[in-house]
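Let's take a friendly walk through this model together. Have the sequence and the 3D view at hand as we go.

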Amino acid sequence: MADIFEEDTIVAISTPPGEGGVGIVRLSGGRALEIAARMFVSSRERDILKKTRQRVFHGHVHDDAGNVLDEVLLHVMRGPHSYTAEDVVEINGHGGMAPLRAILDAALASGARMAGPGEFTRRAFMNGRIDLSRAEAVIDLVHAQTRAALTAANTAAAGALSHALHELRETLGDALARIEAAVDFPEEDLPELVDAALFDRLHDAHARMVEFTRTADAGIRYREGAALAIVGKPNVGKSSLFNALLRDARAIVSQQPGTTRDRLEETITLDGVPARLIDTAGMRNAKDEVEVIGVQRARDAARQAGIILFVVDASTSYTREDADLTEELAGLDIPVVLARNKSDLVDVNAPPTNDALPLTCAATCDVSAKTGAGLHELEQRLAALLLGDAAPAADTPTLFRARQKDSMRRAAEALRRLLDAKDASPELLALDLREALEAIGEITGETTPEDVLDRIFASFCIGK
Ligand SMILES: Nc1nc2c(ncn2[C@@H]2O[C@H](COP(=O)(O)OP(=O)(O)O)[C@@H](O)[C@H]2O)c(=O)[nH]1
Ligand SMILES: [Mg+2]
């Protein structure tokens with residue numbers, strides 16, 4: 001599989017642009033050492049081409065004319081004991097774009113080719129060092145925004161997900177081998193190959209697949225996060241609630257209605273899920289030109305949100321504006337959490353001034369942005385909505401992409417068909433098994449179409 005690459009050695013700057021303590025230029029491929037040797041002069045006259053698995057050299061990188069470009073540490077890792085399973089050389093130079101670019105140019109001039117996005121990781125995958133689920137987890141490690149997302153990505157990157165998937169494939173593959181063998185045997189020999197124990201194993205495998213599909217939503221949430229739009233009429237305390245949830249005085253709060261005109265966005269963490277909290281302009285029939293635009297933006301934010309946090313002022317009666325907004329939100333088909341704010345002003349002994357709004361809410365919370373009362377419960381309700389009841393136990397391998405979930409769902413369906421029709425002909429059983437195997441193979445990479453692979457690796461950064 002790897003041979004299409006054999007000729008070319010790729011190079012890229014692997015650290016982010018900008019200034020840093022160190023910067024790394026990474027080379028991988030059959031000629032990585034030879035190219036590095038052309039650019040590098042060891043300070044102790046060591047030969048970097050000498051066979052060792054791993055070694056670090058100190059010295060200088062030169063251009064063709066012999067000019068020193070940077071003082072570096074050269075880290076040589078021979079395949080297959082490297083990230084890509086090929087020969088890899090990492091040149092650790094001084095951080096800063098000028099020296100790194102100079103080293104990169106020298107490598108290109110010496111015969112390396114510029115790496116595409118994710119090409120190092122793609123090589124690790126093509127060379128069989130990691131499967132697709134691990135390669136994708138590497139992207140997620142880089143992009144993880146919360147501890148929970150990082151844990152999930154780490155678990156998958158370390159191979160726990162890949163291991164669980166390969167176990168499933170083995171169970172299915174073993175069953176397929178037996179069932180296919182049964183096709184060629186006379187009827188009386190069947191029980192030994194295809195027995196109750198085999199169906200028990202498939203039954204267990206099916207249960208694990210269903211569990212994977214169930215917890216996938218949480219995995220996807222950890223990775224993608226969700227947008228949480230705060231909407232309501234002017235002056236109900238949206239910006240105050242935004243600040244309270246952020247634990248920061250980010251938005252301007254004022255008793256003057258119509259203060260917030262633009263949308264503000266900040267990320268908070270709700271039970272491990274990165275949530276983009278969006279403060280919006282109060283929804284009303286605004287006259288002021290800027291405010292009209294703000295209200296339009298509020299509408300857009302609400303429409304695109306994963307959850308709407310609808311804020312009302314519980315210390316006053318609902319108005320026409322609340323009612324209009326309620327109607328508008330009800331038409332959106334997005335879960336709404338109702339926050340009855342300013343609870344500190346509500347006299348608990350007085351009869352409630354507010355009847356229920358004609359809106360089915362996923363949750364209703366009494367809060368006070370001013371005193372912080374009810375905030376914790378509000379956060380818990382929001383987190384529960386984001387994760388459903390599907391949050392996987394920590395360290396349990398989880399699917400974390402919609403694509404993976406879809407494949408797993410198809411695998412589980414195929415296996416369900418088989419289990420529902422155990423007495424069907426071996427040919428039919430084999431058909432279902434093959435379909436299930438193929439679907440799981442899409443997650444591990446064995447049967448993933450090339451264009452899907454292209455898209456996955458294109459989402460990496462160059463140098464990873
Ligand atoms: N007593 C009380 N006042 C609040 C509370 N939340 C907001 N306010 C006040 O209500 C006014 C409007 O708040 P603001 O956050 O700007 O509302 P927005 O227009 O919906 O963004 C300000 O004077 C706030 O101090 C609350 O929970 N209790
Ligand atoms: Mg505001």
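Predicted model: local features only at pLDDT ≥ 70, side-chain atom pairs only at ≥ 80, totals over all residues.

Helix H10 lies across S8, S10 and strand S11 (307–313), and runs at about 140 degrees to S8. These strands belong to an open sheet of six strands, in the order S9-S10-S8-S11-S12-S13, with mixed pairing. At the edges are strand S9 (264–270) and strand S13 (363–366), each of which pairs on one side only. From one strand to the next, the twist averages 25 degrees.

Within the sheet, let's pick out one pair. Strand S8 (residues 226–231) and strand S10 (residues 273–279) pair in the parallel sense, over five bridges.

Next comes the ligand. Which residues are closest to ligand 1? They are Gly237, Lys238, Ser239, Ser240 and Lys370, out of 21 residues that surround the ligand. Helix H9 (residues 238–246) gives the most to this shell, with three residues. By class, the shell around ligand 1 has 12 polar, five nonpolar and four charged residues.

Now for a pair of helices. The axes of helix H6 (residues 160–184) and helix H8 (residues 196–224) come within 10 Å and cross at roughly 145 degrees, and H6 passes H8 in a left-handed crossing. On the H6 side, the contact is made by Leu168, Thr171, Leu172, Ala175 and Arg178; on the H8 side, by Leu198, Arg201, Leu202, Ala205, Arg208 and Met209. Sorted by class, the contact of H6 with H8 holds seven nonpolar, three charged and one polar residue.

Our last stop is helix H3, residues 119–126. Is helix H3 mostly covered or mostly open? Helix H3 is mostly covered, with eight of its eight residues buried. Just after H3, glycine 128 takes a positive phi of about 80 degrees.

How values were computed:
Residues numbered from 1 in each chain as written. Chains lettered and ligands numbered in written order. Near = placed C-beta within 6 Å. Helix = DSSP H or I, 4+ residues; strand = E, 2+ residues; numbered from the N terminus. Nonpolar A, V, L, I, M, F, W, Y, C, P; charged D, E, K, R; others polar. Axes fitted to C-alpha atoms, helices over the stretch in contact; angles between N-to-C directions. Left-handed = near helix turned anticlockwise from the far one by under 90°. Contact = placed C-beta atoms within 7 Å. Pairing = 2+ DSSP bridges. Buried ≥ 20, exposed ≤ 12 C-beta atoms within 10 Å, placed from the backbone.
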